[in-house]
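This briefing is meant for a reader who is new to the structure shown below. Please keep the sequence and the model in view while reading the points that follow.

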Amino acid sequence: MKITLYPPLSIHEIGKRPNQEDAISQWENRLFVLCDGMGGHEKGEVASQTICQSLAKWFEEHVNPAEPFTDEQLHEALEYAYTELDQYVNDSPRQMGTTLTLLYIHRTGATAMHIGDSRIYHFRPSEGMMYQSRDHSLAFDLFQAGEINYKEMLNYPQKNIVTRAMMPDKDNRVRPDIIHITDIEPDDYFYLCSDGMLEKMGNPEIISVLRADNLSDQEKMQRLRTATSQHLDNRSAWLIHVKDVEHEESDNQLTNEEPTARCNTLNFIPRTDAEDDAGDVVVVKDIAKTKTLLQKMKSIVDIIMNKKN
């Protein structure tokens, strides 16, 4: 398939924080990366910038847009980024780390990858949300285990504690969630954002902005910027709007993973609740894993810092 985009738009603002720990990058209007650093001054910003810059550099040096893109290439890019981050390891008790969201648009659709609680959305105005990346967070893991419900997850006191982050010099690299999206139509949106955009803005507000057909993309981005202007955290986002899609016969053989992917939050939350934030929900429970999960959370919290500190 050949995907044509309107000019991508971005937000990258410091908010009410003393320093900017978010970072964004792009390559050839095909690759979009957004990271939210953690670890404080000269820690979080170094981690996020290193990952954003190294991924863009790797794609520039190793990817030919005219050729198929593989998961092997994606893992090579991620390993390169980890290696670049390793050079910043030190003995400081305050470790650095960063979340990661990545979207690459290519001949067979879009590949999305994320680590942490910065999000990737796929939205179709005529149908609603198609994909919302699952947060790698304490709150979501407890929700998925059935310990708390959807509303409790949204207001969980420690919802900012992440359970996966890219950190330097670790024996075991944190694994990303990867999804292949092939159901792409004209007028679709991809929206990448750090959690600073979500402090007081949920899915209903995001959907309301993206669905407004009387607004240009620039006006929609300004609405998002204005609606989050009083948020405390750094705020970053990419808005990617699909203009046209030309399909090829071979596209019929492609598999769209959104309807069944475990990394798609919408597969755990009934669509009415995901879009309207209303009512309790039925969640996927695995009672046998609950105790193990809670024990794991306690150990993870000891080594993954609270991003808001």
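Arg-225 is partly exposed, with a relative accessible area of 23%; here buried means under 20% relative accessible area, exposed means over 50%, and partly exposed lies in between, with a 1.4 Å probe and protein chains only. The side chain of Arg-225 meets that of Glu-13 in a salt bridge, at 2.7 Å from N to O. Glu-13 lies in strand β2 (residues 9–13) and Arg-225 in helix α6, so this pair ties together parts that are 212 residues apart in sequence. Glu-13 is likewise partly exposed, with a relative accessible area of 22%.

The model is a predicted one, in which local features need pLDDT of at least 70 and side-chain atom pairs count only at pLDDT 80 or more, while totals for chains, interfaces and linings use all residues. Residues are numbered from 1 along each chain as its sequence is written, and side-chain values use heavy atoms, with hydrogens and water left out.

**Overall make-up**

- The chain holds eight helices and twelve strands; these are DSSP runs numbered from the N terminus, with helices (H or I) of at least four residues and strands (E) of at least two.
- Of the 309 residues in the chain, 54% are buried.
- Among contacts between residues at least 6 apart in sequence, 75% join residues at least 24 apart, where contact means heavy atoms within 4.5 Å.

**Salt bridges and charge**

- The whole structure contains twelve salt bridges, each being a side-chain nitrogen of Lys or Arg within 4 Å of a carboxyl oxygen of Asp or Glu.
- Side chains of opposite charge can pair when their charged atoms come close.
- Arg-124 is buried, at 2% relative accessible area, and forms a salt bridge with Glu-127, the closest N and O atoms being 3.4 Å apart.
- Glu-127 is partly exposed, with a relative accessible area of 43%.
- Arg-124 also meets Asp-183 in a salt bridge of 3.2 Å, N to O.
- Asp-183 lies in the loop between β10 and β11 and Arg-124 in strand β8 (residues 119–124), so the pair ties together parts that are 59 residues apart in sequence.
- A network of salt bridges links Arg-124, Glu-127, Asp-183, Glu-185 and Asp-188.
- Lys-220, in helix α6 (residues 217–227), is buried yet has no salt bridge; the nearest side chain of opposite charge, that of Asp-217, is 4.6 Å away, with Lys and Arg counted as positive, Asp and Glu as negative, and His and the chain ends not counted.
- Leaving aside neighbours within four places in sequence, Lys-220 is in contact with Tyr-189, Val-209, Leu-210, Ala-212 and Leu-215.

**Nonpolar cores**

- The largest nonpolar core has 26 residues; such a core is a set of buried Ala, Val, Leu, Ile, Met, Phe, Trp, Tyr and Cys residues joined through side-chain atoms within 4.5 Å.
- Phe-59, Leu-100, Leu-102 and Met-166 have the most contacts inside this core.
- The elements giving two or more residues to this core are β3, β4, α1 (44–62), α2 (71–86), β6 (100–106) and β7 (109–115).
- A second, separate core of 22 residues includes Met-1, Ile-120, Ile-181 and Ala-261.

**Helix α5**

- In helix α5 (residues 203–211), the residues Asn-203, Ile-206, Ile-207, Val-209 and Leu-210 are buried.
- These residues cover an arc of only 165 degrees around the axis, which puts them on the same side of α5; the arc is that of the directions from the helix axis to the C-beta atoms.

**Cysteines and strand β4**

- A search of the whole structure finds zero disulfides, a disulfide being a pair of cysteine sulfur atoms within 2.5 Å.
- Cys-35 is in no disulfide, and the nearest cysteine sulfur, that of Cys-52, is 3.7 Å away.
- Cys-35 is buried, at 0% relative accessible area.
- Asp-36 is in strand β4 and is buried at 2% relative accessibility.
- The C-alpha atoms of Asp-36 and Cys-193 are separated by 9.2 Å, although these residues are 157 residues apart along the chain.

**Positive phi values**

- Most residues other than glycine have a negative phi.
- Glu-28 has a positive phi near 60 degrees and sits in the loop between β3 (22–27) and β4 (31–38).
- Asp-187 has a positive phi near 85 degrees and is found in the loop between β10 (177–181) and β11 (189–193).
- Glu-28 is exposed at 53% relative accessibility, whereas Asp-187 is partly exposed at 37%.
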